[in-house]
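Here are my notes on the model, as numbered points. Please read them with the structure open.

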Amino acid sequence: MSDVTPVRDPRNDALITPQNAVLALIDYQPEQYAGVTSMPHDELLANVTLLGEVATAFALPVVLSTVYVRHGMGATNPELRAALPGVEEIDRTTMNSWEDPEFRDAVTATGRRKLIIAGLWTEVCVAFPTLDALREGFEVYFVVDAIGGVSTTAHEAAVQRMIQAGATPITVLALACELQRDWGRPGADRLRSAMRGYFVARRGRRTG
């Protein structure tokens, strides 16, 4: 048995690779977190932060967007910003980020057709651009444990709406493992470090 499996064509692989996907992160702002009731905020924050760390570890192109910051809303939470060094925010007024030309152009400019998307809230800021991107031929994956809605009902209804339209739910850890694929490949140590911190934080929440 070889120590490392051969890498399949990273641009044309049916699975997600660091070379064929782009990540969009939408409206991880204090006011948006405050409205989430579909999952505990500490769990949501841990998952979102890990998502940012995974994107950085694999050098995924990241489109980071906020809404209405220039008119008084808070910017992206500091934990996620720290996980995404050098990534600039695109501020919008639209509820549907896909209707903002700068956001849409930033996604399409990557030339990648696998769009990984996460944001707050599920029923608006995730669902709307997901539906539009699907219509434009993107293969969309929404990170189901890094998003949240104003109620469990709102979140679950949006999840079903996106699935029925053709989007695929994925978790943060599943995404990380899909990108790495083999623990013998470069970058595994950085991923192990991020995952170790994630599981330590989870244990702390259970025992705290």
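1. A residue is called buried here when its relative accessible area is under 20%, exposed when it is over 50%, and partly exposed in between (1.4 Å probe, protein chains only). By that rule Tyr33 is buried, with a relative accessible area of 9%. Tyr28 is also buried, at 0% relative accessibility.

2. On the source: this is a predicted model, in which local features need pLDDT of at least 70 and side-chain atom pairs count only at pLDDT 80 or more, while totals for chains, interfaces and linings use all residues. Residues are numbered from 1 along each chain as its sequence is written, and side-chain values use heavy atoms, with hydrogens and water left out.

3. The sheet. Helices (H or I, at least four residues) and strands (E, at least two) are DSSP runs, numbered from the N terminus. Two strands pair if DSSP finds at least two bridges between them. Six strands form an open sheet in the order S3-S2-S1-S4-S5-S6, with parallel pairing. Strand S3 (89-92) and strand S6 (168-170) are at the edges; each has a single partner strand, so one side of each lacks a neighbour in the sheet. Neighbouring strands are turned by 25° against each other on average, direction ignored. Axes here are lines fitted to C-alpha atoms, for helices over the stretch in contact, and angles run from 0 to 180 degrees between N-to-C directions.

4. Pairings within the sheet. S1 and S4 run parallel and are joined by six bridges; Ala24 stands opposite Ile117 in S4. S4 and S5 pair in the parallel sense over four bridges, and the bridge partner of Ile116 in S5 is Tyr141. S5 and S6, also parallel, are joined by three bridges, and Phe142 has Pro169 as its bridge partner in S6.

5. Crossovers. A crossover is right-handed if, with the strands pointing away from the viewer, the path from the first strand over the helix to the second runs clockwise. S4, H5 and S5 make a right-handed β-α-β unit. The chain then crosses from S5 through helix H6 (residues 152-165) to S6, and this β-α-β crossover is right-handed.

6. What lies over S5? H5 lies across S1, S4 and S5 and runs at about 165° to S4, where contact means heavy atoms within 4.5 Å. S5 is mostly covered, with four of its five residues buried.

7. Salt bridges. The term means a side-chain nitrogen of Lys or Arg within 4 Å of a carboxyl oxygen of Asp or Glu. How many does the structure hold? There are seven salt bridges. One of them joins Asp13 to Arg181, with the closest N and O atoms 3.2 Å apart. This pair links distant parts of the chain, 168 residues apart: Asp13 is in the segment before strand S1 (21-26), and Arg181 is in the loop between helix H7 (172-180) and helix H8 (188-207). Asp13 is buried, at 8% relative accessible area, whereas Arg181 is partly exposed, at 31%. Arg8, Asp13 and Arg181 are linked in a network of salt bridges.

8. Two further salt bridges. Glu139 bonds to Lys114, the closest N and O atoms being 2.9 Å apart. Glu139 is in strand S5 (residues 139-143) and Lys114 in strand S4 (residues 114-119), 25 residues apart. Glu139 is partly exposed at 34% relative accessibility, and Lys114 is buried at 7%. Arg135 forms a salt bridge with Asp132, with the closest N and O atoms 2.7 Å apart. Both lie in helix H5 (residues 122-135), three residues apart, or about one turn of the helix. Arg135 is exposed, at 62% relative accessibility.

9. Aromatic pairs. Rings of Phe, Tyr and Trp (its six-membered ring) pair if their centres lie within 6.5 Å; planes under 30 degrees apart count as stacked, over 60 as edge-to-face and the rest as tilted. The structure holds three aromatic pairs. Tyr28 and Tyr33 form a tilted pair, 6.1 Å centre to centre with 50° between the planes.

10. Why is the pair of Trp98 and Phe138 edge-to-face? Their ring planes stand at 80°, with centres 5.4 Å apart, so the pair is edge-to-face. Trp98 lies in the loop between S3 and helix H4 (101-108), and Phe138 in the loop between H5 and S5, 40 residues apart. Trp98 is buried at 3% relative accessibility, as is Phe138 at 4%. Ring pairs link Trp98, Phe103 and Phe138 into a cluster.
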